[in-house]
Protein chains: 2
Amino acid sequence: MSVSVSTRRGAESEQAILDAARDILAHEGVEALSMRSVADRVGMSATAIYRYFKNKDDLVRRVVRVGFERFGAYLSAAGEEQPPGSLDRLAALGEAYIRFALENEAYFKLLFSLQHPHPHSIDDLPHGAGHGLLRTAVLEAIEAGSIRRYDPDVIVMYLWSVAHGLLTLSMSCRIEECPEFELGAVPCGPIELFEQFRPLVRGGIAAGPGDDGDEGGAA
Amino acid sequence: MSVSVSTRRGAESEQAILDAARDILAHEGVEALSMRSVADRVGMSATAIYRYFKNKDDLVRRVVRVGFERFGAYLSAAGEEQPPGSLDRLAALGEAYIRFALENEAYFKLLFSLQHPHPHSIDDLPHGAGHGLLRTAVLEAIEAGSIRRYDPDVIVMYLWSVAHGLLTLSMSCRIEECPEFELGAVPCGPIELFEQFRPLVRGGIAAGPGDDGDEGGAA
DNA sequence: CCATTATCGTTAACGCCGTTAAGTTAACGA
DNA sequence: TCGTTAACTTAACGGCGTTAACGATAATGG
């Protein structure tokens with residue numbers, strides 16, 4: 001009886017609004033995302049959106065949440081390509097983190113915006129934006145003996161910080177345009193840099209015992 | 001010909017505008033920083049600001065630049081408290097980076113905003129936001145044998161990423177409110193976490209010799 | 001000393017924004 | 001048939017960055 005045409009049409013509108021907002025965000029950037037622009041795209045007036053979303057922030061939150069459900073899937077898939085408990089799995093997670101952020105830059109910038117942070121806590125994110133995934137991988141790696149025994153939550157935050165810091169720095173400073181950041185005369189994006197980080201993350205920056213040889217470097 | 005009274009009065013207004021904008025940014029946050037609010041504080045109309053600044057972005061850029069001149073001084077002072085070429089100096093720089101960002105959150109968030117990144121390149125920042133400082137410290141540490149020989153620019157980006165990532169994550173996810181991030185039942189802010197990172201940065205995450213490790217990665 | 005001129009500031013207005021309030025239309029249950 | 005309600009509209013408010021046109025005022029040149 002009651003779950004009738006009207007409610008279904010309502011849900012369809014809601015979905016259309018979400019889709020429109022997602023498109024605008026992805027293709028025109030966050031600055032072009034306004035109630036009016038979304039409304040134009042779905043062919044209704046801006047105020048109609050308020051039937052489905054409390055306000056703009058609510059709409060944006062919903063949009064972002066959808067995007068980050070794929071984030072979790074993307075990370076999960078990338079991690080499972082490497083054996084559990086291995087360092088390679090951790091590296092794959094980091095690389096997937098970076099790759100996804102670069103390919104979905106608007107989403108990433110919006111979610112981790114410093115001005116209006118959208119996750120009120122890590123738990124707000126689907127799969128904790130990969131936090132749970134990473135934590136599991138770290139625990140497995142410790143258990144497998146791949147990485148040293150240390151507070152797993154600290155290791156998680158450390159690894160997350162390395163990838164996230166590299167990303168946010170490259171997004172806000174455009175390091176790829178800096179002449180200093182051409183490694184071996186080849187311009188170097190976040191992914192290449194992240195690869196170069198691997199030995200440092202694995203073995204640290206401290207000089208090893210009896211170590212004096214150069215293990216890498218630019219011209 | 002003279003740089004006379006009229007120009008000086010103009011410069012005074014310009015300074016008053018900058019001061020007002022800085023105050024609003026620091027005390028009320030970036031959302032309260034509008035041309036009209038700044039104008040109100042200095043006691044003139046919003047449009048008068050355009051005599052001294054091309055537009056809002058120009059004003060903000062100038063404000064941020066002033067703030068980050070102190071950033072460079074802060075980092076420099078913190079670094080010099082530790083012996084040159086030492087790991088302690090690198091750690092001090094990182095800790096100062098975090099401390100300054102926490103104490104000048106609005107500045108930090110504005111400069112490294114992902115939406116409107118203000119540094120067009122690292123060189124835009126006074127002292128490269130400490131980049132030059134860090135680079136020098138890394139080179140000295142390599143020369144002193146404190147850290148391994150590796151591309152110094154990669155090490156710089158790595159260290160910068162660790163600190164910056166921890167900061168931005170904590171600012172956008174409010175990790176201190178997450179129950180997971182109480183280390184030893186004590187709520188744990190960025191500075192405490194950064195301290196916990198030190199052994200990882202120094203020695204890496206890999207299990208030391210003695211543990212059976214899956215050391216056979218890609219590289 | 002006066003006219004000119006550049007400097008410093010004003011008010012009014014435009015088009016955008018998020019949001020609220022009130023009104024319209026159509027489908028539905030009783 | 002009537003009343004209710006969901007879905008959507010238009011009108012409007014206050015705030016935003018910004019432009020244009022205009023006035024006051026101080027410095028300067030003849």
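Modeller: A residue counts as buried if 20 or more other C-beta atoms lie within 10 Å of its own, as exposed if 12 or fewer do, and as partly exposed in between, the C-beta atoms being placed from the backbone. This is a predicted model, in which local features need pLDDT of at least 70 and side-chain atom pairs count only at pLDDT 80 or more, while totals for chains, interfaces and linings use all residues. Residues are numbered from 1 along each chain as its sequence is written, and chains are lettered from A and ligands numbered from 1 in the order in which they are written.

Biologist: Why is His164(A) called buried?

Modeller: His164(A) has 28 other C-beta atoms within 10 Å, and because the definition asks for 20 or more, the residue is buried. His164(A) lies in helix H7 of chain A, where helices (H or I, at least four residues) and strands (E, at least two) are DSSP runs numbered from the N terminus. Leaving aside its neighbours within four places in sequence, His164(A) is in contact (C-beta atoms, placed from the backbone, within 7 Å) with Gly165(B), Thr168(B) and Leu169(B). Glu14(A), by contrast, is 150 residues from His164(A) in sequence and 32 Å away in space, C-alpha to C-alpha.

Biologist: What secondary structure does chain A have, and how much of chain A counts as buried?

Modeller: Chain A has eight helices and two strands, which run α-α-α-α-α-α-α-β-β-α from the N terminus on. Of its 219 residues, 41% count as buried, and among contacts between residues at least 6 apart in sequence, 59% join residues at least 24 apart.

Biologist: How does the reach of H7 of chain A compare with the value expected at 1.5 Å a residue?

Modeller: The expected span is 1.5 Å times one less than the number of residues. Helix H7 (residues 152–173) of chain A has 22 residues, and its 31 Å from first C-alpha to last is close to the expected 32 Å. H7(A) is mostly covered, with 21 of its 22 residues buried. In chain B, the 25 residues of helix H3 (residues 56–80) should span 36 Å, and the end C-alpha atoms are 37 Å apart, which agrees.

Biologist: Why are H7(A) and H8(B) called roughly perpendicular?

Modeller: The axes of H7(A) and helix H8 (residues 190–203) of chain B come within 10 Å and cross at roughly 85°. Axes are lines fitted to C-alpha atoms, for helices over the stretch in contact, with angles from 0 to 180 degrees between N-to-C directions. Angles under 35 degrees count as roughly parallel, over 145 as roughly antiparallel, 65 to 115 as roughly perpendicular and the rest as oblique, and H7(A) and H8(B) are therefore roughly perpendicular to each other. Val154(A), Ile155(A), Met157(A) and Tyr158(A) of H7(A) meet Leu193(B), Gln196(B), Phe197(B) and Leu200(B) of H8(B). By class, this contact has seven nonpolar, one polar and no charged residues, where Ala, Val, Leu, Ile, Met, Phe, Trp, Tyr, Cys and Pro count as nonpolar, Asp, Glu, Lys and Arg as charged, and the others, Gly among them, as polar.

Biologist: What makes H4(B) roughly antiparallel to H8(B)?

Modeller: The axes of H4(B) and H8(B) come within 11 Å and cross at roughly 155°; because angles over 145 degrees count as roughly antiparallel, H4(B) is given that name relative to H8(B). The residues in this contact divide into seven nonpolar, one polar and four charged.

Biologist: What covers the buried residues of H4(B)?

Modeller: The cover includes H3, helix H5 (105–111), H6, helix H7 (152–173) and H8 of chain B. Among the buried residues of H4(B) are Leu90(B), Tyr97(B) and Phe100(B).

Terms used. Contact = placed C-beta atoms within 7 Å.
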